[in-house]
Amino acid sequence: MTETPLTRSPADRPPESGRSAFRRPGPGLPAPERPASTGSAPEPPASGLTASGPPPAASPVVPPSVAPPVAPAVPAIAFPQDRTCPYHPPAAYAPLREGRPLARISLFDGRDVWVVTGQGAARELLADPRLSSDRTLPAFPSTTERFAATRNRRVALLGLDDPEHHVQRRMLVPSFTLKRIAALRPGIQETVDRLLDRMARQGPPAELVNDFALPVPSMVICALLGVPYGDHDFFEAQSRRLLRGPDAADIEDARDRLDSYFGSLIEREEKHPGDGLLGELVRDQLREGRVDREELVSLATILLVAGHETTANMISLGAFTLLGHPERLAELRAEPALMPAAVEELLRFLSIADGLLRVAVQDVEIAGTTIREGEGVVFSTSVINRDERAFPEPDTLDWRRPVRHHVAFGFGIHQCLGQNLARAEMEIALRSLFDRFPGLRLAVPADTVPFKPGDTIQGMLELPVTW
Ligand code: HEM
């Protein structure tokens, strides 16, 4: 996410073309004080969210300062590009993997910007306040024409730097702590079981994206926020337009519709505050003047959109990846306790939010290179999370590797607020799906399953399965 809540995208591609799953390459990703922590954990305090249980041994963090000076200039390649296999970074990014920890890329508008490709450098720079996340800054990089045109609208939380960001984040952290998410697990399990019951009643076959992967996080985030799930067709459609609309006008229109939708929801909450997070924010923040209406509308939008689109993609692409790695799936079936580690490894391996964006507001020295004030910086998580120095044999799925220092959830002050919720949803959804349908398999050849273009959150457009 970051023209949209979580990610960015390019312009010159017909939307939703039914691309096959395996396209054959043709001829031809100071802050005042730390936020109130919700538990002791090795995770950097910036996020304020604790990891579940004792984390496995940490994967090595490659200290960027000792990284060799930047390799000779690799010609700037275009970014973003399409994957040729949905669970591997685009083949065209291979030169970026050689040019660690920094390289140059060229964007749709001809601008060359820095791309961060080393895991250590990524963590250092994402935690550096001299890199701004403010999309309205003139030099902020845009990876798509359509998002470049919408950058003048402020984005809550993700589009703010400290201290403003800190004020908003502190309002939300208590709702996403491990303890709060643990209390939600029985409800998530119930939602998952109800959807699997429906699949069993109506199938086989089933279309896993719309029958399961999307409804799970959509229902859960609605319950958490206090948004009526009955409106899901509306907000899911607007979220799709916000993330993958064909042009700026479409994105603006989707944004306007979501703004007015949340405007009326907030009015309703003011009259009859509910017990969801929206009701809480109206009662404790809006009424107390700590947040204004426009900010609250933007916050609600980012929570709803970031809260379902991302996890839906991880559940569908995760299921597709597991079906494509039967030996790993068998291992999981034999040892269900591996699921939390498997979810972490899938997050690293799939890196669905590929291309976090920042702009330097001061010169920054890193790995023998100076990122000049005003220069754009893109973090290609799919390349960073395949840094062989941090993740040996990075192109291999391995449930037993120490993997906690991936950047699939970002890092630093903007590290994903919903990561605990996403992990719980993925663990419960994937475990229950493969337990319930031991014979689950693709209903069509893998290379005909359509997946998303490279310019948005990665995932499957649809996933026909049978059992
Ligand atoms: C597997 C699913 C998810 C992935 C891969 C993911 C990924 C990310 C990433 C990479 C960022 C940082 C963006 C940046 O630094 O530019 C982020 C931020 C964020 N995510 Fe997630 N996310 C997921 C699920 C969720 C869920 C379930 C929520 C629930 C509300 C959520 C809410 C947010 C919010 C509010 C931010 C902005 C945080 C801030 O700026 O302080 N995400 N996410």
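The following dialogue explains how to read several features of this predicted model.

Me: What should I know about the model before reading any details?

Reply: The model is predicted: local features need pLDDT of at least 70, side-chain atom pairs count only at pLDDT 80 or more, and totals for chains, interfaces and linings use all residues. Residues are numbered from 1 along each chain as its sequence is written, and side-chain values use heavy atoms, with hydrogens and water left out.

Me: What pLDDT does the protein chain average?

Reply: pLDDT is the predictor's confidence in each residue, from 0 to 100. The protein chain averages 86, and 84% of the residues score at least 70.

Me: Where does pLDDT stay under 50?

Reply: Where pLDDT is low, the predicted coordinates should not be read in detail. One such stretch is residues 1–60, with pLDDT under 50 and 184 contacts beyond four places in sequence; a contact means heavy atoms within 4.5 Å. Residues 64–72 also stay under 50, and the model has 14 contacts of that kind for them.

Me: Which protein atom is a donor to the iron atom of the ligand?

Reply: Donors are N, O and S atoms within 2.8 Å of the metal (3.2 Å for Na, K and Ca); water is not among the atoms, so sites may look incomplete. Here the iron has a single donor from the protein, SG of Cys416, 2.3 Å away. Cys416 is placed in the loop between helix 14 (381–384) and helix 15 (419–436). Helices (H or I, at least four residues) and strands (E, at least two) are DSSP runs, numbered from the N terminus.

Me: Which residues come nearest to the ligand?

Reply: A residue is near a molecule or strand if one of its heavy atoms lies within 4 Å of it. Of the 27 residues around the ligand, His165, Arg169, Arg358, His414 and Cys416 come nearest. Helix 11 (293–323) is one of the elements that supply at least two residues of this shell, and helix 11 gives the most, with six residues. By class, the shell holds 18 nonpolar, seven polar and two charged residues. In this count, Ala, Val, Leu, Ile, Met, Phe, Trp, Tyr, Cys and Pro are nonpolar, Asp, Glu, Lys and Arg are charged, and the others, Gly among them, are polar.

Me: Which side chains have a polar atom 2.6 Å from an oxygen atom of the ligand?

Reply: A polar contact is a pair of N or O atoms within 3.5 Å; within protein, one must be able to donate a hydrogen and the other to accept it, and residues adjacent in sequence count only if both atoms are side-chain atoms. A polar side-chain atom of Arg358 lies 2.6 Å from a ligand oxygen, and a side-chain N or O atom of His414 is 2.6 Å from an oxygen atom of the ligand.

Me: In what order do the six strands of the open sheet stand?

Reply: Two strands pair if DSSP finds at least two bridges between them. The order is 1-2-3-9-6-4, and the pairing is mixed. Strand 1 (77–78) and strand 4 (131–132) are at the edges with a single partner strand each, so one side of each has no neighbour in the sheet. Within the sheet, strand 3 (residues 112–116) and strand 9 (residues 376–379) run parallel and are joined by three bridges; Val115 stands opposite Val378 in strand 9.

Me: Where are cis peptide bonds found?

Reply: Omega is the angle to read here. A cis bond joins Phe79 and Pro80, with omega about -5°, and another joins Asp162 and Pro163, with omega about 10°. Pro163 lies in the loop between helix 3 (145–148) and helix 4.
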